[in-house]
Structures are given as structure tokens and as C-alpha cells.
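Hello,

Here is the structure for you to look over. My notes follow below it.

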Number of protein chains: 2
Amino acid sequence: MYRIGIDIGGTQLRAALLDDDMNIIDSFKTINDRSLSGAANMDRIIRYIKSVDEPLQGIGIGSPGPLDLKRGVVVNPPNLIGWDGFEIVRYMEQKTGLKTWLDNDANVAGLAEALRGAGVGYESVAFIGISTGLGGAYVYKGELIHGAHSCGAEFYNMIVNDDKYCHKGANPGSLNETASGTAMQRLATERFGREMTPKELFEEFYKGDETAKKILEETSEALARGVANIFYTIDPDVYVFGGSVAIHHPWYMDVVKKKAMEYITADDILIVPAKYDDDAGLVGAALLVK
Amino acid sequence: MYRIGIDIGGTQLRAALLDDDMNIIDSFKTINDRSLSGAANMDRIIRYIKSVDEPLQGIGIGSPGPLDLKRGVVVNPPNLIGWDGFEIVRYMEQKTGLKTWLDNDANVAGLAEALRGAGVGYESVAFIGISTGLGGAYVYKGELIHGAHSCGAEFYNMIVNDDKYCHKGANPGSLNETASGTAMQRLATERFGREMTPKELFEEFYKGDETAKKILEETSEALARGVANIFYTIDPDVYVFGGSVAIHHPWYMDVVKKKAMEYITADDILIVPAKYDDDAGLVGAALLVK
């Protein structure tokens, strides 16, 4: 049998046909048109699905959160204008006749890594995705641990220091405010006195700039504390680091690990880079199909 | 069938005969004689076990950590003089002919709460024991989550703020240094200028003392951050609070919850007091027997 994986993003929507071994047979990409509703955007994906000739077992969707997983609803993700309250699971099931599963983008990426990527063979996998935001997933014995309120592995909101800065409702002193790409951007913009992206911050660092060095010291220290706190809660077999920051600056992950080991009582922990880059969302979404 | 539960403490050792429903049929208590080795101390427990007439399935032991669970060894707990490196599991199996299981005291207490106490009926249970130290357990689908290095649910070492104080190797800014009974004692002793126990600190608080109030504000704030961090990692169905501080000052747990809710995105979380007090160790140890 075959399955459809869908990766919803703020600027584009992707869908793919995958076989049972999670090979991507073909894929489809379209813009996320912000002048249209979520349903109208998904209609283009639905036309792609209907064009598929293979027998389909179901559809898996990865979407930015917050989501209501029990009801299959996109709640109000800041990057998905026009998608508020969209009952995406019901809509897809009605329009395609295929059973549909939904989960957030970080969980889906973590599932792809745990079952088909860098975490294969480990019972307990923590995925940490560092890009604009900071996403996470905890996969135990092959299953995502969502928790009672679907807040399991929402590492972005974990508190690691006394910083007071608080952005859009994430906790002050949380990983989102101290270790994410957004945090890098804020600190760089503040201290350089001009708008600066994480990419530009790293460029300044590579030129030997002391301010950039200091900022990355602080963000890596915060993330190291996050790794230690994950260690002292679930002590996973492996930590998979994904997301653009992790993928483009592998040495940064080494710095995080070195700092984390100062807080960790074990002789060593296993940190590995994600195997998937862009395709994690498609593969992980397809893995939701049961 | 019946089983033996053993609770090892710094000042006393307890053992009990339990039936399959974890009823304590009879129990035995003896001092932990610090002039003797661990083996010599356990010999009194072994004599009790040999006096039991009922058919026995095995022995479960809860001990202060650190332990080497894979080898069944007591490593070097600060409160167990003379027990360093004691191969307790092998010793008990050789002397009694009964299969023996070992786990740390907080895990054992958490298991008792999850399977027979305040956490019954929930899939995912976080146990937080606040007494001199700060112990934890994470029970998922009836099983203790130990993690790759047996550091799962070692919440005492979770980092929640920038405090610099560091005691006996726990992390600076960790729950052990900011929220445990030891932390209360340290802060009270520093600020009152005289040696003061957590019990005396609470007595000062009940008299309306402002310094005591301030200290408990700080310790409850630190613990609230710990609860939030557990929430954003495993989001358990229920948090069971045990240990002397939690049991004797239930209002304090309400304060912790109220502060934690400021950091938590869910509408509510479920915090309940432990059901067991002194017997958690015996019942939980017996539950290790498979």
C-alpha cells in the first residue's frame, strides 16, 4: 500500500506519495496563498492526491502548532494566516475518503528521525529542532509521547534561566527566548544595533566578531541547560539535533554538548545530527498513517 | 504468592511481607548500624526473610542512590556509610535463593503511587518527593522510565534559574539547590543567622515571619519552574507530590501549582498528594518483583 504525507508551512505546502518503506515516489509543492483560507489552499493538495493512481492507506499531515490533536483542528498558528480553527482532518477525510492523521511539525520531524533517520534502533529518542523556533519530539518505543495536553516535548517553553524577556507568550527564560533562532535574532539585533538574522550572526562569528561570539556563548549555554533538563527527566538513548541552525553549523552542536556535559552526571550522552533535512516533514507525516 | 519489600534508609532498614495485592502482612524494622558493612546490616533482614513461612516470589529493594541498577550495586550514597560498592542484589540472591530487584528510593515510592496510590488509573505519572532531597519518578504505562543512564526523573538536578550555589555536585540553579529541604535549610540558616531546619522555617512562616515567607516564595517559585519543565517534556496525566514537605504542608503544594500555572499553557494540570507516607518504600519495592 501507499500513503500521502503532507507538510504544511507558512510559505509553501508540500505533499508526497510514499511507499511502505517511506520512499518518496513522487511529490507536489504549492504556495501557501495567504489571501485564501486553509481549505482553499488544501484544495490544490487534494487535486494532487486525486491524481495519484496507487492504492492509498491514508493521509498524514504535519502542521505548525498550536493544533487541537483530538479534534484534528489547526488552532491559530502565527504563520498560517486564514487557517484559524480549520478542521483539517475532517475536511481531508470528507474530500478524499481517506483516513487522515495530524500532528505538529516538530513531532512529525522527530518521528521521521526516530523511525527512519538518525534515531533508528534506539528505544528512546529526543528530537530537538533549532531553526526560527525551537521544536521537539519525544519518541519512546516507536510512539510519540504527546502527554495529557499534547505539550510533551514542547521544549521551547522549558525554563532554563532568569532572563526576563518574554515574546508572544513563551515563558521568560525559556529555550524559545534564549536558544532559538528567534532568540539569536533578537540578541543580535539588540547588540549590533541593526536588524540581523541568525545567518548573519553566524557570519559575524566566523569573521571573529566578539559580540557574535558572546551571543552564541549565551544561546549555547541556554540550550545546554535544556539538554541537561531533558536528560534529568527522560534520559533518552539519543538526542537528534535538527533544524537549520543545527544542520548548517554542526560545530555549534558540539559546543552545546560540551557545555551540557558540565551539568550531566553520565560519562557521555549521544548527540547526533538529523538525517533528514527538507523531507523530514513528508516522511514523518506519512509515518502517522496507521 | 507473596513477596518481600525492603526499604533501606540512612538510620533504619525495613522489610515487609506483602501479598499479591500489596497488603503488608507483617513487617520488620532494624537499625542501620553504621559501624557494620552493608552486608552485615542486611544479614538481620535475611534472618527475618528466612523466618517467613509463606511461599515467596522474590525480593524488591529500594535504596538511596546512586546505584548501579544493571549490576545491582549500591555505589556510594552519602547516607549509607559502609555500603560503598556493595553488590546487594547478588548477596541477597545467594543468601536467600530468591530473585531480587533493586531500584532507588524515589523510583520505588513513585512506582507505589503510580500502581497502588494516588496515580492509579493514569497512564503517565510524575512523582516528585520533597523532603531533605528532591526525588522523582516517571511511570509510563505501569513501567518506570529509567533512561539510558538511569537518570530519568532525577528531577533534583534539573536547572531552573541562575543561582550559583552548588552543593555536593548537584547543578547550580538546580531543584536540589533551590527547592529541596536542603535548600530551605541552607537559605534559612544563611538569612536567619542560625542553624534552622525546614520544619523550623515553616514554623517561622506560620508565625508570620517575613524572611521565612520570602524564602518559601523563592523555593516554591523554583519548584514551579521544575513542574513547568516536566510539563513541557512529558506532560504527565498527574503529578503526585510526596515527601515530608509535601505531606506536612499541603498548602505549599497549592502555591507551587499556582505559580506553575503561570508558565503552563494548558487550562489546568492535576497535582495530587501522595497516598502513601512511610510505607511507599515497602510497597514500591515489592512492586519491583516480577
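How many bridges join strand 1 of chain A to strand 2 of chain A? Seven, and the two strands, residues 2-8 and residues 12-19, run antiparallel. Strands here are DSSP runs of E, at least two residues, and helices are runs of H or I, at least four, numbered from the N terminus. Asp7(A) has Arg14(A) in strand 2 as its bridge partner.

First, the ground rules. This is a predicted model: local features need pLDDT of at least 70, side-chain atom pairs count only at pLDDT 80 or more, and totals for chains, interfaces and linings use all residues. Residues are numbered from 1 along each chain as its sequence is written, with chains lettered from A and ligands numbered from 1 in the order in which they are written.

Next, the sheet. Five strands of chain A form an open, mixed sheet in the order 3-2-1-4-7; strands pair if DSSP finds at least two bridges between them. Strand 3 (24-31) and strand 7 (100-104) of chain A stand at the edges with a single partner strand each, so one side of each lacks a neighbour in the sheet.

Now the pair of chains. A rotation of 180° with 0.0 Å of shift along its axis superposes chain B on chain A, RMSD 0.0 Å (least squares on the C-alpha atoms of residues with pLDDT of at least 70 in both). The two copies are thus related as by a two-fold rotation axis. In chain B, the C-alpha of Asn161(B) is nearest the axis, 2.1 Å from it.

The contact takes 31 residues from chain B and 31 residues from chain A (C-beta atoms, placed from the backbone, within 7 Å). Helix 7 (residues 210-234) of chain B gives the largest share of chain B's side, eight residues.

Best wishes

Terms used
Two residues are in contact if their C-beta atoms, placed from the backbone, lie within 7 Å.
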